[in-house]
Amino acid sequence: MDSRFPFVDWFRNSSPYINAHRGKTFVILIEGEAMASSRADQLLQDMALLHTLGVRLVVVYGIRPQVSAALEADGVMPHRLDGRWVATREIMDHVERIAARQRLDLEAKLSLGLPNTPLHGIELTAVSGNLVTAKPLGVRAGVDFDHSGEVRRVRAPAIQTLLDGGNLVLLPPLGYSRTGEVFDLDASEIAQHVAISLGADKLVLMGDSAGLLDDDGQLQRQLSPSEAETLRAQAEAGSEQWRHLGAACEAARHGVERTHLLSWHDHDALLGELFTRDGVGTMITQNRYEQLRQAVLDDVGGLLALLQPLERSGMLVSRTRERLEHDIDDYIVIERDGMVIGCAALHRYADSAMGELACLAVHDDYRRGTRGETLLAEIERRARRGGLTRLFALTTHTTHWFFERGFGAGELDALPALKREAYNQARRSKILVKTL
């Protein structure tokens, strides 16, 4: 029975993520365009919610559009190279002023606790400081970048102490040198270095684009660092995509398990990415979010959850937990972020070169795509490797799916003796055979 309140079902489904994220460290970059938009307050409220759920947050904020507007108003035209401007003393006056004002504004909004507001009753302490040390870019291609710098070191122990104290850490796009100078830094570079230094569980980069699209305009939900690096090489140097992909790839190579590329334009992006299985943006990770692998005993519960609805509908023969445990070495599964969403089994028969493809199933929510073909291909590969020359399958509902993939109609006499004896005449399953 469907809930009268869709939110209740969503809340139930999000509970595994609430538990998984508690106590974890997330570094979130919010570009200056987002901070200057009407979405800023909503983003801050979402981050406050993450904080109340036990997530340890470091928030890096950009100020580039605000500084650009101030420079334009004063008639200042900065010299640019590869997307970075030369931060002269005149420009740094604007950068320092706007960074400080933005920090004060963020602290004020995170302190908001009036009744009938999302932050009512939340005690949240936001802390900033000289937590990033910097060094000058120096002279590049004959250009002296003056007060434009790059990250030298992140004071990770100090940030960890602040997080241990229950604080939300705010970091402006500034760095401080041992000589007492202040340098203009790229916010995405700070986020990358902070995530690496803290060993963060997630790096979240919120920019203008809702992730990365393929050639057909479809969202690419997951990429490896090498795949993302290829796309970065095609992006314009200094562009947001170029900077974000660079930060994501570097973070992944240095142990940050997952980096998420999200759009701040999307009202639901941050919570939708973190508390749903499929997310809404692009994730860059060294580890596969969805993987095909050998089943293990710990998968039995997931297999039962996947198979029981199909057994009730009559599509599959019922299998007990004991039978699944006994035959677990015959099974392969597709796991998606901890959930078994597909499976298949290869049963072998002594003294027979024919194997049985059994229990091929994909979760309702994931039947679009080629997961069924992926499972079949892996079963065929294992069968060939094991010296089998033919596969058979018994089905009552999906005959044409098998026909389209090279199976043909077979006779009962063609089956191994043990399977012939166990054949259920009342069920009248179609016998399908494929030569490998």
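What does the accessible surface of the protein chain come to, and what share of it belongs to carbon and sulfur atoms?

1. Surface. The accessible surface of the protein chain comes to about 21500 Å². Carbon and sulfur atoms hold 49% of that area. Keep in mind that this is a predicted model.

2. Overall shape. The chain has 436 residues, and a compact globule of that length would have a radius of gyration near 22 Å. The value for this chain is 28 Å. Along the principal axes, its C-alpha atoms fill a box of roughly 90 × 55 × 35 Å.

3. Make-up. Count the elements: there are 15 helices and 25 strands. Of the 436 residues, 48% are buried.

4. Contacts. Take the contacts between residues at least 6 apart in sequence. Among these, 71% join residues at least 24 apart.

5. Charges. The protein chain carries 50 positive and 60 negative charges. Their mean positions lie 5 Å apart.

6. A covered strand. Now look at strand β10, residues 168-171. Both of its faces are covered. Leu 168 and Leu 170 are buried on one side. Val 169 and Leu 171 are buried on the other.

7. Partners of β10. Strand β2 (residues 56-61) runs parallel to β10, and three bridges join them. Here Val 59 has Leu 170 as its bridge partner. Strand β5 (residues 126-127) also pairs with β10 in the parallel sense, over two bridges.

Technical notes
Residues are numbered from 1 along each chain as its sequence is written. This is a predicted model: local features need pLDDT of at least 70, side-chain atom pairs count only at pLDDT 80 or more; totals for chains, interfaces and linings use all residues. Side-chain values use heavy atoms; hydrogens and water are left out. Helices (H or I, at least four residues) and strands (E, at least two) are DSSP runs, numbered from the N terminus. The radius of gyration is taken over C-alpha atoms; the globule rule is 2.2 Å times the number of residues to the power 0.38. Buried means under 20% relative accessible area, exposed over 50%, partly exposed in between (1.4 Å probe, protein chains only). Contact means heavy atoms within 4.5 Å. Accessible areas come from the Shrake-Rupley method with a 1.4 Å probe; for residues, only the protein chains shown count as cover. Lys and Arg count as positive and Asp and Glu as negative; His and the chain ends are not counted. The place of a charge is taken as NZ of Lys, CZ of Arg, CG of Asp or CD of Glu. Two strands pair if DSSP finds at least two bridges between them.
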